[in-house]
Structure formats: structure tokens, C-alpha cells
Amino acid sequence: MSLLNQLFNRGVFGTKCKTCLNLAISRMKLLQNKRDVQLKHMRKEIAQFLQAGQEAIARIRVEHVIREQDIWAAYEILELFCEFVLARVPIIESQRECPPELREAISSIIFASPRCSEVPDLLQIKNLFTAKYGKEFVSAASELRPDSGVNRTIIEKLSVGAPSGEARLRVLKEIAQEYNLNWDSSNTEAEFSKTHEDLLGGSKHVSGGAAPSQAPAKQGSFSSSPSNGAHSIVPADIKQEPKYLHAPRALRETHASYTNEIQPSINDDKAAAVGDTKRETRPQSSEILERARAAIASAERASAAARSAAELVKSL
């Protein structure tokens, strides 16, 4: 019964492996053709930027071009490995361990499967080899252990590190030569030759002596103030309590006596002003009374004249 299971499983593995390998090969060919068109368009845009003098944009765009070229090269190698494994599927089925001549191809496919998301068939191939050779074999290839046997070019092309300045400059020169541009690369070479400290505006080394030591930011700066020929050093960060200046005793007594002398004079002036006000209000009130009396007298005379006129009218 176990022999039948082995034969059945062997046939299932071979069928699935061939199907996934064929799908991966065809998919990678389509992706390579698509990338060819994209790379031509991107290289043409970079040539236009170089011709217009916009080298800063070209230096940024060239990184994407290098990345796409690396993926294209990785797909080309993986396609060859898949074709190589596809031709030897019967040998893989017949042996329990991985054949030494297929170790590099199978390990490279396992390593590239999670890094090539555009080719999901590689993940299925990885799962098939996990079931065939065990998790330890797959972990060795995924973690790049010394005995993994992963292809060195595949590791370099699928790395996530930024390209070096030399690689970017080389591709820019290739693009300029491809489109027959008279491009002066001196500015770009100077930009790529800058170190990390130069790009960040780092520390500048002082020649001819040691650099002066700087106190930590937490320590307070000291200020000196002359006093009777001696200099007293006081930390500037220490909060000093305000010192109020007190007047001498003799000056305070003089001020008190002067205040006492001024106070009675002020009171006298106020009393005189009140008296003058009262004297001014008295004539004003008497004048008002006299005017009221004159008005009453004139009213009485007017009423008497009215009465006499009325009596005269009655007599007529």
C-alpha cells in the first residue's frame, strides 16, 4: 500500500511541478517583453533630461532604470533555471535527496520566489520542494546559508540596496552615448564622489591644532563680572534671586520729613479752596433771590392791570 502511495505522490509531484514551471517560464517571458518597452521609454526620458540640463532629475530616474534592468536580468536567469529543472523532473521524482547538479537551480528558485511577486508560480514551486525535501532545505536557501548553493548573480540582482554611484554614472554615460548626446559628466561625477558627511553638511576638520572642546549642552555657560578688580564667575543658567536696592537711612528720614511737611500745606490749600467756593456760592444765591422777588412784583403788577381793565370793560 505504501508503494502505491509513493507512486501516486510521485506522479502528482511531477505533474504539478511541470505545470508550475511552464506557467512561470511563460509569465517571465511576458514580463521581460513588457519591461523592454518600459526601459526604452525610461532611457529616452533620461536622455531628454540630460539634454535639457536637468541632471538632478536624471540622477534620480537612473536608479529606477537600474532596478528594472536588474529584475529583467534576474528573470532571464530564473527562466533558464526553470527550463533546466523542467527537463529533469523525472530525475527529481526518482531521488529522495536533491541532486547536486540541480541544487543551484532549485535553491535559486526558492530564494527568488518571495522576491518576485509578479510571478506567483514560483511560490507554488517552492511549496512543492518544501514538501519534497523538507523545511530545512528551504530555510537554508531562503536564509542564504553557506551550503545553500544560491546563484550569486541572483542574489545581487534581487537585492534591495541602492545602486552605487559608479553604476549610476556608467548607465548615464551609456544613455548619453546611445542617443548621441554631448553631455559633460563632470558635475555628476563630483556629486557621486561626495561622501556621506559632505552630503549632510557634516563636521569640518580644523587643521593646525586640536579642535576646541565644547561643553555639553546641559552644562551652563559662565559669565564673569568685574567687581573691585576681581572677577567672579557665576553660572548663567543658575537662577539668581532679585536683589532689591535699599535707600540709605538718612535719605529715608529726609524723605519722611519732607512728606510730613508737604501734607499740612496740601490740607490748607484744600480748606482755602473750599472756603472760596462757599463765598462764591453765597453771592450767587442772593442774586437769585432778588431776581425771584422782582419777577413776583412784576407778576403782581400785571395782574392788577388786568383787573382794572376788566372793571373798565364792565362799566362800559
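Reply: Here is the helix contact first, then its surroundings.

The model is predicted. Take helices H4 and H6. Two packed helices are described by the angle between their axes and the distance between the axes. The axes of H4 and H6 come within 8 Å. They cross at roughly 75 degrees. Angles of 65 to 115 degrees count as roughly perpendicular, so H4 is roughly perpendicular to H6.

Which residues make the contact of H4 and H6? H4 supplies Arg 103, Ile 106, Ser 107, Ile 110 and Phe 111. H6 supplies Phe 137, Val 138, Ala 141 and Ser 142. By type, the residues of this contact are six nonpolar, two polar and one charged.

Leaving out residues up to four places away in sequence, Ile 106 touches Val 85, Ile 92, Cys 98, Phe 129, Tyr 133 and Phe 137. Ile 106 is also among the residues with the most contacts inside the largest nonpolar core, along with Leu 122 and Phe 129. That core has 39 residues. Helices H1 to H7 each give two or more residues to the core, so named here: H1 (2-51), H2 (55-87), H3 (89-94), H4 (103-112), H5 (121-133), H6 (135-142) and H7 (152-157). The largest share, eight residues, comes from H1. Apart from this core lies another, of 19 residues, with Phe 49, Val 62, Leu 181 and Trp 183 among them.

Thr 188 is found in helix H9, residues 186-192. Is Thr 188 buried or exposed? Its relative accessible area is 0%, so Thr 188 is buried. Beyond its neighbours within four places in sequence, Thr 188 is in contact with Glu 55, Arg 59, Leu 169, Leu 172 and Trp 183.

Leu 80 lies in helix H2. Its relative accessible area is 54%, so Leu 80 is exposed. From Leu 80 to Ala 105 is 25 residues in sequence and 8.7 Å in space, C-alpha to C-alpha.

Now the whole chain. The protein has 11 helices and two strands. Along the sequence the pattern reads α-α-α-α-α-α-α-α-α-α-β-β-α. Of the 316 residues, 26% count as buried. Among contacts between residues at least 6 apart in sequence, 69% join residues at least 24 apart. The accessible surface comes to about 22800 Å², and 55% of it belongs to carbon and sulfur atoms.

Conventions: Residues are numbered from 1 along each chain as its sequence is written. This is a predicted model: local features need pLDDT of at least 70, side-chain atom pairs count only at pLDDT 80 or more; totals for chains, interfaces and linings use all residues. Side-chain values use heavy atoms; hydrogens and water are left out. A nonpolar core is a set of buried Ala, Val, Leu, Ile, Met, Phe, Trp, Tyr and Cys residues joined through side-chain atoms within 4.5 Å. Buried means under 20% relative accessible area, exposed over 50%, partly exposed in between (1.4 Å probe, protein chains only). Helices (H or I, at least four residues) and strands (E, at least two) are DSSP runs, numbered from the N terminus. Contact means heavy atoms within 4.5 Å. Axes are lines fitted to C-alpha atoms, for helices over the stretch in contact, and angles run from 0 to 180 degrees between N-to-C directions. Angles under 35 degrees count as roughly parallel, over 145 as roughly antiparallel, 65 to 115 as roughly perpendicular and the rest as oblique. Ala, Val, Leu, Ile, Met, Phe, Trp, Tyr, Cys and Pro count as nonpolar, Asp, Glu, Lys and Arg as charged, and the others, Gly among them, as polar. Accessible areas come from the Shrake-Rupley method with a 1.4 Å probe; for residues, only the protein chains shown count as cover.
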